[in-house]
Amino acid sequence: MALKQLKFLILLLSFPFILYAQTEGPNAWLTIDVNKELKKWYFAGEMELRSIGFFDKNQRLSLQAEGSYKICKVIEAGLSYSIMSFYDSKYNDYQWRNRYAFVLLGKRKINRFALSLREKGELTTKDESDRIKDNEEIDTYAINPELVWRNRLKAAYDIPNLPLAPSISIETFYILNDPERNEFEKIRYTFSLSYKLNKHNSLEIFSIYNKELIEGEESSYVIGAGYKLTL
């Protein structure tokens with residue numbers, strides 16, 4: 001039975017390749033996560049590297065700190081802050097960005113399934129100081145700071161007698177402060193497989209399909225790997 005489940009997981013993780021087959025090669029992401037639970041409190045730190053293509057060019061390097069509190073058995077609320085070095089393709093330059101987020105998480109376990117719904121509001125400020133046009137004026141962004149509401153539904157499954165946990169999620173991104181029109185920016189589909197090495201260490205591989213909904217933006221496919229340390 002476990003072998004059949006594993007074959008299904010491999011098929012599930014390869015599904016985004018079918019969605020992405022007619023576009024360019026995938027981007028690559030790497031993450032390192034360190035977290036700690038203290039009674040009703042949860043603290044985490046994360047470092048993430050995102051590339052354009054398969055490490056052809058770094059797109060983003062970020063550090064994030066997060067803290068959350070368990071309000072009741074099924075609801076958590078938290079705050080996070082991220083600082084990132086982001087590649088500005090228009091000016092071939094890296095710029096600093098700051099991101100502040102409020103997170104509300106609801107989760108429920110049914111047998112071996114873990115279901116969760118995450119609501120997340122993000123405010124991102126962008127450094128425009130190096131975006132200088134020929135007339136020496138600053139080329140400002142149409143939206144800065146940018147306010148986005150993210151909504152993610154996720155389902156994970158704990159395989160009996162195996163240290164594997166597959167999951168699937170769908171997440172929407174909605175722009176809240178576009179001066180022209182607020183709208184859904186993209187939909188993200190994520191398929192992942194987590195492998196628990198021991199009580200404190202686990203590895204994860206994942207595939208993501210970002211379906212862009214704004215005209216002119218190209219959809220993208222991501223393959224990635226992550227390491228998690230639980231203190």
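Predicted model: local features only at pLDDT ≥ 70, side-chain atom pairs only at ≥ 80, totals over all residues.

Biologist: Where does E171 lie, and is E171 buried or exposed?

Modeller: E171 lies in strand β8, which covers residues 164–175. Its relative accessibility is 4%, and because buried means under 20%, E171 counts as buried.

Biologist: What else does E171 touch, leaving out residues up to four places away in sequence?

Modeller: Leaving those out, E171 touches R118, R150, N151, R152, K186, I187 and R188. One of these, K186, also has its charged end over the ring of F173, 4.7 Å from the ring centre.

Biologist: Zooming out, how many strands does the closed barrel have?

Modeller: The closed barrel has 11 strands, running in order from β1-β2-β3-β4-β5-β6-β7-β8-β9-β10-β11, and the pairing is mixed. On average, neighbouring strands of this sheet are turned by 20 degrees against each other, with direction ignored.

Biologist: How do β1 and β2 pair, and what sits between them?

Modeller: Strand β1, residues 27–38, pairs with strand β2, residues 41–52, in the antiparallel sense over 10 bridges, and L38 stands opposite W41 in β2. The two strands form a hairpin with 2 residues between them, and K39 in the turn has a positive phi of about 55 degrees.

Biologist: And what about the hairpin of β2 and β3?

Modeller: That hairpin has 4 residues between the strands, and G53 takes a positive phi near 70 degrees. Here 12 bridges join β2 to strand β3, residues 57–70, and the strands run antiparallel; the bridge partner of Y42 in β3 is S68.

Biologist: Changing topic, how many aromatic pairs are there?

Modeller: The count comes to 7 aromatic pairs. Among them is the tilted pair of Y87 and Y94, with 5.3 Å from centre to centre and 50 degrees between the planes. Y87 counts as buried at 11% relative accessibility, whereas Y94 is partly exposed, with a relative accessible area of 38%.

Biologist: What about F113 and Y157, and why does that pair count as tilted?

Modeller: Their ring centres are 4.8 Å apart and their planes lie at 45 degrees, so the pair is tilted. F113 lies in strand β6 and Y157 in strand β7, residues 146–157, so this pair ties together parts that are 44 residues apart in sequence. F113 counts as partly exposed at 43% relative accessibility, and Y157 is partly exposed too, with a relative accessible area of 23%.

Biologist: Last one: which residues form one aromatic cluster, and which ring does the charged end of R50 sit over?

Modeller: The cluster is formed by W41, F43 and Y69. The charged end of R50 sits over the ring of W29, 3.7 Å from the centre of that ring.

Key
Residues numbered from 1 in each chain as written. Heavy atoms only, no water. Buried < 20%, exposed > 50% of the residue type's maximum accessible area, 1.4 Å probe, protein only. Contact = heavy atoms within 4.5 Å. Pairing = 2+ DSSP bridges. Axes fitted to C-alpha atoms, helices over the stretch in contact; angles between N-to-C directions. Phe/Tyr/Trp six-rings, centres within 6.5 Å; stacked < 30°, edge-to-face > 60°. Lys NZ or Arg CZ within 6 Å of the ring centre and 35° of its normal.
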